[in-house]
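Please read the following with the sequence and the model side by side, moving from the overall division of the chain to the packing of individual helices.

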Amino acid sequence: MIDYLPAHVDRSPGESLESWLDRIADANSLPVRLLLPPNLPIQHLARLLDRSVAELNAMTWAGYHRSVVGRARQRTPTWRADRHQWICPRCTSTTSAPRRVEWQLALHPICRCCSCYLVQADYSHPRDIDVHPSVLDMVTQLMDLTTTAWTNRNHADRLRRVRRTTTLIAQSLDEGWPPRHVPVPAIDPSAARLWAEHTAPDPLVAVTLLAATAPLAPTQLARLIEDGWVRIGANPDVPISWLPKRPFTVPPPPRLRHPLEPDKKRLKNLRDELRRLQARFGLGAQHVPATLFVGTEYPLPHHHEWVYREFNAVALVMLLARVDAIQASQYLHVPYAADPALTSLEGNSSIRPDHATLLRTATRKLIREGLTDYQRRRQALTAQRRLPTPILAQLRLPQAADPTISTERLALGWLWITLTRSTLTSSPWPLNSTQAALDFGQHVLDGEQRLILLEYGNELLTLASDDADRDTPKTTQQPLRQAR
Ligand SMILES: [Zn+2]
């Protein structure tokens, strides 16, 4: 198949399969999903791309030992970072530059060619930080372990043990603890709480956790594990099986007379915390974007996370407004999907550890950024299905590459994404491709066109908030305002 495409793209040495497919699609102006259907068996893919299965495996994490990437369909923490797309701010600044296969591992959060830290692909203001030579050595030694793990069981065990230890210390890491044994940039400790079954989105979290654990000898690592267990106390936010064994030197926490189930207790703690934030900062359901974001994700998290973050936005609205899952989905205007996790929230019985961590981190992020009334933004933008003629004249939008999608719709889609911090699922055009609108705004529009659109959007929001100030009586308890 690949020979029939007009533009030919050679794969570069060490490149990941995902990157190569993206570049082929890009060079031929085709969406990847048109080029190849998703979830194609590797044998079919190999035939279509005219490559051997072994060669394709070497371009994905399937080429790594199971102590690094786990086994298929097994829920256990691994070193995979394939839920986040990491790029090098120096050598992958254009879409035609290849991304390397080892960048899909949290063991390798750096670019060795440029000696700098990787960044998230959707991070709008890329950092560009030099890597200290001792970090480079540490990463090289870790990557050597991934190779020798195939023949040396001790090396495989070490990778697993270090991974479990990182999950333990990520729960209570702060600016000073645990000590970093190689020089790494400072991080926001709350970003580390997302490191559990999956690795965290920010490459700097990965390098911080590695700097605290990887250089340690076995006895030092055991001491760190002991400290970690003492710090997290009775109720870790993650399943015990994801953590290193609690050493017998750390006494078990005192038993309560009426012990709560861990899941129930976790939900109670989260509800208490949200209640405090509601009382102190006035946090409400209207401040929840339909796609939750954390850390430095702007305007959206990586596309692999969208469905998960929308699901969790529904959960947050349920907890803040005390409504059921159907009402919360309607409020955010996202499709309702029956799910055991939402049912147990409705029944006030439990919450999954990863959901609790995400909700807590996302809520703190919303407050740190200054609360925004996303519901009012959604309402104001929903009313605008077309751009006014004077704005269109000012914008002079280019012809669309795909004649079936109007560039006006793409521009409105980009404005929706940027101002509501949500995918198009919650927009008036739920079937349009969020990625296409995002790419259009970021790569096709120039800075001036983006500014015209944003000014227009902000004008709409000002008008809408003037109307709302006139119409809404000032009460402290606001009921759920329906989206439309
Ligand atoms: Zn680079």
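The protein is divided into domain 1 (85–95 + 102–242), domain 2 (262–372) and domain 3 (378–471), with bounds that come from an automatic or database domain assignment. Residues are numbered from 1 along each chain as its sequence is written. This is a predicted model, in which local features need pLDDT of at least 70 and side-chain atom pairs count only at pLDDT 80 or more, whereas totals for chains, interfaces and linings use all residues.

The pLDDT, which is the predictor's confidence in each residue on a scale from 0 to 100, has a mean of 86 over the protein, and 90% of the residues reach 70 or more. Over residues 471–478 the pLDDT is below 50, and this stretch has two contacts in the model beyond near neighbours in sequence, a contact being a pair of residues whose C-beta atoms, placed from the backbone, lie within 7 Å. Where pLDDT is low, the predicted coordinates should not be read in detail.

Taken over C-alpha atoms, the centres of domain 1 and domain 2 are separated by 27 Å. Domain 1 contributes 17 residues to the contact and domain 2 contributes 18 residues.

Within domain 2 (262–372), the helices can be followed as DSSP runs (H or I, at least four residues), numbered from the N terminus. Helix 11 (residues 262–281) and helix 15 (residues 353–368) have axes that come within 10 Å and cross at roughly 10°; the axes are lines fitted to C-alpha atoms over the stretch in contact, and angles run from 0 to 180 degrees between N-to-C directions. Helix 11 and helix 15 are therefore roughly parallel, the word used for angles under 35 degrees. Among the residues that meet here are Leu270, Leu274 and Leu277 in helix 11 and Ala356, Leu359 and Ile367 in helix 15.

Helix 12 (residues 306–321) packs against helix 15 at an angle of about 75°, with the axes 10 Å apart, and the two are therefore roughly perpendicular, a description that covers 65 to 115 degrees. Asn312, Ala315 and Leu316 of helix 12 make this contact with His355, Leu358 and Leu359 of helix 15.

Ala328 sits in helix 13 (residues 325–332) and counts as buried because it has 27 C-beta neighbours inside 10 Å, where 20 or more are required. Leaving aside residues up to four places away in sequence, Ala328 touches Val314, Val317, Met318 and Val323.

Terms used. A residue is buried if 20 or more other C-beta atoms lie within 10 Å of its own, exposed if 12 or fewer, and partly exposed in between; C-beta atoms are placed from the backbone. Angles under 35 degrees count as roughly parallel, over 145 as roughly antiparallel, 65 to 115 as roughly perpendicular and the rest as oblique.
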